[in-house]
Amino acid sequence: MDYYKVLEVNKKASKEEIKQAYKRLALKYHPDLHSHSSKSVQDNATLRFKLLSEAYQFLSDDRKRADYNIRSSSSSSSTYNNGYSYYYNSSSTTRTAKADADGFFSKFHVALRFLTTRAFLLNFAFAGALIGGAVVIDRSREALWKKHNSGKSFEEAMESIEKAKTGRHEV
């Protein structure tokens, strides 16, 4: 489903244009306006109003809109509804999306979505800071030793300490 077509705007529409289109179409298809119409007209208006609300929910939020644009541009044009087949739950009028096998949930996209989650990125940054700190400490250890103990290497100093320990125990 193309949310831009639902709201009758183009992909470069501003937030204000999207808001105006939503208000205009919501007034046209609001279920209360069609309460005295036939059952089929009421159902059609209700469905259209729900689609408008869903489209506005996605396109008015910058993060959701960017995600939607990536999904819709990455899926092939032959895939129906951007990789989703929609069905209606018989017990209610809620719409549920089910991914097609060739749709959005390919292994690459699932991995990409996981790798760009906030929690993963925060954990990755924290791990990078820990590893970076360990590398800095490891590299600076030898430089500090040489600065404070000129003439002896670390290994030589450790050997002399071991000799001193064994010399004390023999006495």
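This note covers charged side chains, one backbone angle and one surface patch in a predicted model.

1. Basis. The model is predicted, so local features need pLDDT of at least 70 and side-chain atom pairs count only at pLDDT 80 or more, while totals for chains, interfaces and linings use all residues. Residues are numbered from 1 along each chain as its sequence is written, and side-chain values use heavy atoms, with hydrogens and water left out.

2. Salt bridges. The structure holds six salt bridges (a side-chain nitrogen of Lys or Arg within 4 Å of a carboxyl oxygen of Asp or Glu). Among them are the pairs Glu8 with Arg24, Glu8 with Arg48 and Lys39 with Asp43.

3. Glu8 and Arg24. The closest N and O atoms of this salt bridge are 3.4 Å apart. The pair links distant parts of the chain, with Glu8 in the loop between α1 (3-6) and α2 (15-29) and Arg24 in helix α2, 16 residues apart. Helices are DSSP runs of H or I with at least four residues, and strands are runs of E with at least two, numbered from the N terminus. Glu8 is partly exposed at 46% relative accessibility, and Arg24 is partly exposed at 44%. The classes are buried for under 20% relative accessible area, exposed for over 50% and partly exposed in between, with a 1.4 Å probe and protein chains only.

4. Glu8 and Arg48. The side chains of Glu8 and Arg48 also form a salt bridge, at 3.6 Å from N to O. Because Glu8 is in the loop between α1 and α2 and Arg48 is in helix α3 (residues 39-60), this pair ties together parts that are 40 residues apart in sequence. Arg48 is partly exposed, at 22% relative accessibility.

5. Backbone at Glu8. Glu8 is not a glycine, yet has a positive phi of about 60 degrees. The residue lies in the loop between α1 and α2.

6. Lys39 and Asp43. Here the salt bridge has an N to O distance of 3.4 Å. Both residues lie in helix α3, four residues apart, about one turn of the helix. Lys39 is exposed, with a relative accessible area of 58%, whereas Asp43 is partly exposed at 41%.

7. Arg65. Which side chain of opposite charge is nearest to Arg65? Asp62 is, at 5.7 Å, and Arg65 is buried yet has no salt bridge; Lys and Arg count as positive and Asp and Glu as negative, with His and the chain ends not counted. Arg65 lies in helix α4 (residues 62-74). Its side chain is joined to that of Tyr4 by a polar contact of 3.1 Å (a pair of N or O atoms within 3.5 Å; within protein, one must be able to donate a hydrogen and the other to accept it, and residues adjacent in sequence count only if both atoms are side-chain atoms). Not counting residues up to four places away in sequence, Arg65 touches residues including Lys11, Lys12, Ile18 and Phe58, where contact means heavy atoms within 4.5 Å.

8. Surface patch. Phe154, Met158 and Ile161 form a nonpolar patch on the surface, with about 240 Å² of accessible area together. Patch residues have over 30% relative accessible area and no salt bridge; like charges are joined within 9 Å, and nonpolar side chains (Val, Leu, Ile, Met, Phe, Trp, Tyr) within 5 Å. Met158 is in helix α7 (residues 154-170) and is partly exposed at 36%.

Terms used: Accessible areas come from the Shrake-Rupley method with a 1.4 Å probe; for residues, only the protein chains shown count as cover.
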